Amino acid sequence: MRKVKNMKAKKSLGQNFLKSKKALSTIVESAGVVPYEWVLEIGPGRGALTEPLLKAGARVVAVETDGELIWYLEEKFKNEIKDKKLFLIHQKIEDFFVEQSVIGKEKYKIVANTPYYITGEILRTFLGAKNKPTKMVLLVQKEVADRIVCKDSKESILSISVACFGKAKKIMNVKARDFSPMPKVDSAILCINDISNDFFESVLEENFFAVVKEGFSYKRKVLTNNFEKERKEKILEYLKSKKYPPTIRAEKLKLSDWRDLTAIFSLE
């Protein structure tokens, strides 16, 4: 087998290999993996996270776009692959469909050290998928994690897009020095629990996101100024009923407020 030290990270693929044992164990612990449970790992890299997932008894589907790493992982985990505990998929995650994989319609979790540049796409793809994961534990850029959990008490399209599908919680920060090569920013372990589509039982998903997008079109503006004149009066009435100031900005509205506004506009 090719030595690990020769498996250099590729900047073009956003590869930063996690080397902190504490962070790795925290990720697996946060995922709450039980034997025979399906786990989708995105970008397994050298298998640092794959190994403890397998030890926890998970059936891991690892999607890796780097052909050289696929070769390495096939050698490293040949016994696990033979025993059908690990399924390696040489593919871009953008082209991967859970329903067409070995997971199919089964319940599964996503556990991954995700490349920064595709974090948003991973969240959109799998939270909006027909077969959603029951939980996601992702190692993401610290700034992104803070935005999702609204550390500064300011909502964003990103935080709302996650909150309408599940409950997000930041588990711990991970320093840049815990990666090889070392990225320019720190990371954080983000956990999204209780993922479901229940929120959209009372409002159409397409309409909801259209309203949210319009509301945040100019996030520094007063909320009402982001909407057409025909809707301003209805928004002002709603704000008054909730005892919100008429000058409130989009970032101060709660998830339930956006659902209420969507319902109001749907009656037009």
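**Questions about a predicted model**

Biologist: Let's start with K84: does K84 count as buried or exposed?
Modeller: K84 has a relative accessibility of 57%. The scale is simple: buried is under 20% relative accessible area, exposed is over 50%, and partly exposed is in between (1.4 Å probe, protein chains only). At 57%, K84 is therefore exposed.

Biologist: And how high must pLDDT be before side-chain atom pairs count?
Modeller: Residues are numbered from 1 along each chain as its sequence is written, and side-chain values use heavy atoms, with hydrogens and water left out. This is a predicted model, where totals for chains, interfaces and linings use all residues, local features need pLDDT of at least 70, and side-chain atom pairs count only at pLDDT 80 or more.

Biologist: How much of the accessible surface belongs to carbon and sulfur atoms?
Modeller: Areas come from the Shrake-Rupley method with a 1.4 Å probe, and for residues only the protein chains shown count as cover. The total is about 14700 Å², and the carbon and sulfur share is 50%.

Biologist: How far apart are the centres of the positive and negative side chains?
Modeller: Lys and Arg count as positive, Asp and Glu as negative, with His and the chain ends not counted. Each charge is placed at NZ of Lys, CZ of Arg, CG of Asp or CD of Glu. There are 50 positive and 36 negative side chains, and the centres of the two sets are separated by 6 Å.

Biologist: Which residues of α1 are buried?
Modeller: Their cover includes β1 (17-18), α2 (50-55), β5 (108-113), β6 (135-141), β7 (167-174) and β9. Just after the helix, G32 takes a positive phi of about 60°. The buried set of α1 is A23, L24, T26, I27, V28, S30 and A31.

Biologist: Take S30, then. What does S30 contact beyond four places in sequence?
Modeller: S30 is part of α1 and is buried at 16% relative accessibility. A contact means heavy atoms within 4.5 Å. Leaving aside neighbours within four places, S30 meets K135, V137, I171 and C191.

Biologist: How many disulfides are there?
Modeller: A disulfide needs a pair of cysteine sulfur atoms within 2.5 Å. By this rule the count is 0.

Biologist: Where is the nearest cysteine sulfur to that of C150?
Modeller: C150 is in no disulfide, and the nearest cysteine sulfur is 12 Å away, in C164.
With a relative accessible area of 17%, C150 is also buried.

Biologist: Over in α7, which backbone oxygen does the side chain of S161 reach?
Modeller: S161 sits in helix α7 (residues 157-163). Not counting residues up to four places away, S161 touches L127 and F209. At 2.6 Å, its side chain reaches the backbone oxygen of I157.

Biologist: And which residues does I160 contact beyond its neighbours within four places?
Modeller: I160 also lies in helix α7, and it is buried at 1% relative accessibility. Leaving those neighbours aside, the contacts of I160 are E155, F208, V212, F216, L255 and W258.

Biologist: One last thing: what is omega for the peptide bond from S180 to P181?
Modeller: P181 is in the loop between β8 (179-180) and β9 (187-193). The bond from S180 is cis, and its omega is near -5°.

Notes: Helices (H or I, at least four residues) and strands (E, at least two) are DSSP runs, numbered from the N terminus. A polar contact is a pair of N or O atoms within 3.5 Å; within protein, one must be able to donate a hydrogen and the other to accept it, and residues adjacent in sequence count only if both atoms are side-chain atoms.
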